[in-house]
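The sequence and structure are shown first.

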Amino acid sequence: MTKEPHLTRAPGGAAPPAGPAVLRRANLSLVLRELREHRSLSRADIAEATGLHRATVSNLMAELLERRLVREVGVEHVGAIGRPRRTVALHGAHVGALGMEINVDYIAVHGTDLSGRVLVERRVVYDTMGNGPDSAVRRLGLVAKEAVEAMRRAGAAPAGIAVAVPGLVDVTRGVVTLAPNLYWHNLPLADQLSSILGSLHVPVRVDNDANLAALAEYTSGIAAGTPDLVYLTGEVGVGGGIISGGKLLRGADGFSGEVGHLRVDPNGDECGCGRIGCWET
Ligand SMILES: [Zn+2]
């Protein structure tokens, strides 16, 4: 069985239909992920690990080198005979990603470059509930702007921002459907943040905090590589994220893992969500 895609276009060729472009993007990601996990590899190693043809890997590598996302690191001699093989590694010092978190009483940012070097790390005390959504989004936008500028000064342009919110999120629209502990309801956070960031042009995504925490633990944290796991958060609220078969489980309406609002005591206290006796209470 082969995972080889139908990909023949050389860089600089005619614009392909959407299919091959999407496939090429996926393959570029695949190669970058492989390099992230193994530090340095030859093109042959990458072909073997990914199931892509050697020629395809060389073609993808040409683009990654041109974009300065990988660099040639050296020559590897395999055994006494055979050609020496050039190895490549992630470069990525000029591309980064910014993670943000907003909770009841703080805003946090964490920015790294592609190699994982931490460029920005900050936690700001902020009364999110008391200040209301408009002020909170403005403050979040200001903290994001400062972090993006700091990363750029450090030489890394953020390719995107992910914002973790303790609530139910419509990920495709970037809307916080309900965050009871923040008193947020149907807040178009991704759009509002994008308009504050304006000319900085950094794409914004919003997701549930426990989902992102589960993904982080699965990709590089304490449960790295564990394909099936449940992550529970318990700050002011209680939430959960589920990784199943190596993928984040979102559920039919995107509310998978939201265990904090399961009723555990029918005679309990009133919850921020308006129901009685949720686990969170
Ligand atoms: Zn509740």
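## Basis of the description

Helices are DSSP runs of H or I with at least four residues, and strands are runs of E with at least two, both numbered from the N terminus. The model is predicted: local features need pLDDT of at least 70 and side-chain atom pairs count only at pLDDT 80 or more, while totals for chains, interfaces and linings use all residues. Residues are numbered from 1 along each chain as its sequence is written, and side-chain values use heavy atoms, with hydrogens and water left out.

## Helix α2

Gly-51 follows α2 and has a positive phi, near 80°. Within α2 (residues 43-50), the buried residues are Arg-43, Ala-44, Ile-46, Ala-47 and Thr-50; buried means under 20% relative accessible area with a 1.4 Å probe, protein chains only. These residues lie on the same side of α2, because they cover an arc of only 160° around the axis, taken from the directions from the helix axis to the C-beta atoms. An α-helix has 3.6 residues a turn, so residues three or four places apart point the same way.

## Domains

The domain assignment, which is automatic or from a database, gives domain 1 (18-90) and domain 2 (95-213) in the protein chain. Their centres, taken over C-alpha atoms, are 33 Å apart.

## Cysteines

The structure holds 0 disulfides, a disulfide being a pair of cysteine sulfur atoms within 2.5 Å. Cys-271 is buried, at 7% relative accessible area, and Cys-278 is buried at 1%.

Key:
Buried means under 20% relative accessible area, exposed over 50%, partly exposed in between (1.4 Å probe, protein chains only).
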